[in-house]
Amino acid sequence: MTEQETKTSEAESASVPPPAETQPPAPEPVPEAPKDVAEEKSVIPVPTSDDKPDESKALVLVEKTQEVVEVKPSEGSVNRDAVLARVATEKRMSLIKAWEESEKSKVENKAHKKLSAISAWENSKKASVEAELKKLEEQLEKKKAVQAEKIKNKIAKIHKEAEEKRAIIEAKKGENILKAEEVAAKYRATGTAPSKKLLDWF
């Protein structure tokens with residue numbers, strides 16, 4: 001090749017860089033002893049127009065990039081699976097929580113209903129016992145009134161008997177006074193003194 005051809009090929013290669021997808025991946029560099037900058041420049045190959053890559057290699061590389069693209073969706077699908085699993089777990093947890101709340105409310109309602117029934121039973125029993133007590137009090141009041149009436153009647157009867165006895169005594173007293181006056185008048189009329197027997201009689 002002449003110098004001019006090499007320059008034009010270099011210009012063409014510099015103006016049209018080869019696509020990054022078609023270049024094969026560079027192997028990892030093996031650590032070597034440091035070289036001069038001039039030697040490093042000479043080591044880097046300059047691509048020429050004759051060194052075009054094969055289409056088969058390009059297809060292989062395209063297939064690799066497709067695999068890379070396919071790997072990303074698979075990572076996305078893994079992420080999606082993880083998200084779906086998390087959503088399913090959250091849904092299950094929310095269902096469990098809803099069931100728990102429902103069961104708790106059922107238990108509370110059942111307990112409230114039983115407590116209400118017990119309160120109603122207690123109130124009805126209290127009312128019946130209070131009614132019975134009131135009835136007994138009324139009966140006792142009636143008995144008390146009857147007994148009080150009987151006692152008042154007895155007191156009245158005793159008072160009446162006492163009055164009768166007082167009247168009898170007062171009557172006997174009056175009779176005795178009259179007898180004494182008659183006897184005294186008789187003794188005055190006759191002028192005699194009463195005997196000892198008469199005095200004992202009084």
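Helices here are DSSP runs of H or I with at least four residues, strands are E runs of at least two, and both are numbered from the N terminus. With that in hand, hello everyone: this protein chain has four helices and zero strands, and from the N terminus on its elements run α-α-α-α.

Some housekeeping before we look around. This is a predicted model, in which local features need pLDDT of at least 70 and side-chain atom pairs count only at pLDDT 80 or more, while totals for chains, interfaces and linings use all residues. Residues are numbered from 1 along each chain as its sequence is written, and side-chain values use heavy atoms, with hydrogens and water left out.

So how confident is the predictor? pLDDT is its confidence in each residue, from 0 to 100. The mean for the protein chain is 74, and 58% of the residues reach 70 or more. Where pLDDT is low, the predicted coordinates should not be read in detail.

Now to exposure. Buried means under 20% relative accessible area, exposed means over 50%, and partly exposed is in between, with a 1.4 Å probe and protein chains only.

Let's turn to charges. Side chains of opposite charge can pair when their charged atoms come close. The structure holds five salt bridges, each a side-chain nitrogen of Lys or Arg within 4 Å of a carboxyl oxygen of Asp or Glu. Let me show you some in helix 3.

Glu90 pairs with Arg86, with the closest N and O atoms 3.9 Å apart; the two are four residues apart in helix 3, about one turn. Arg86 is partly exposed, at 49% relative accessibility.

Glu103 bridges to Lys106 at 3.7 Å between the closest N and O atoms, and here the spacing is three residues, again about one turn of helix 3. Glu103 is partly exposed at 28%.

Then Lys126 meets Glu122 at 3.6 Å, N to O, four residues apart in helix 3. Both count as partly exposed: Lys126 at 47% and Glu122 at 37%.

One last stop. Which residues form a nonpolar patch on the surface? They are Leu115, Ile118 and Trp121, with about 360 Å² of accessible area together. Patches are made of residues with over 30% relative accessible area and no salt bridge, joining like charges within 9 Å and nonpolar side chains (Val, Leu, Ile, Met, Phe, Trp, Tyr) within 5 Å. Ile118 lies in helix 3, residues 55–190.

Note on methods: Areas by Shrake-Rupley, 256 points an atom, 1.4 Å probe, with all protein chains shown as cover. pLDDT = per-residue confidence, 0-100.
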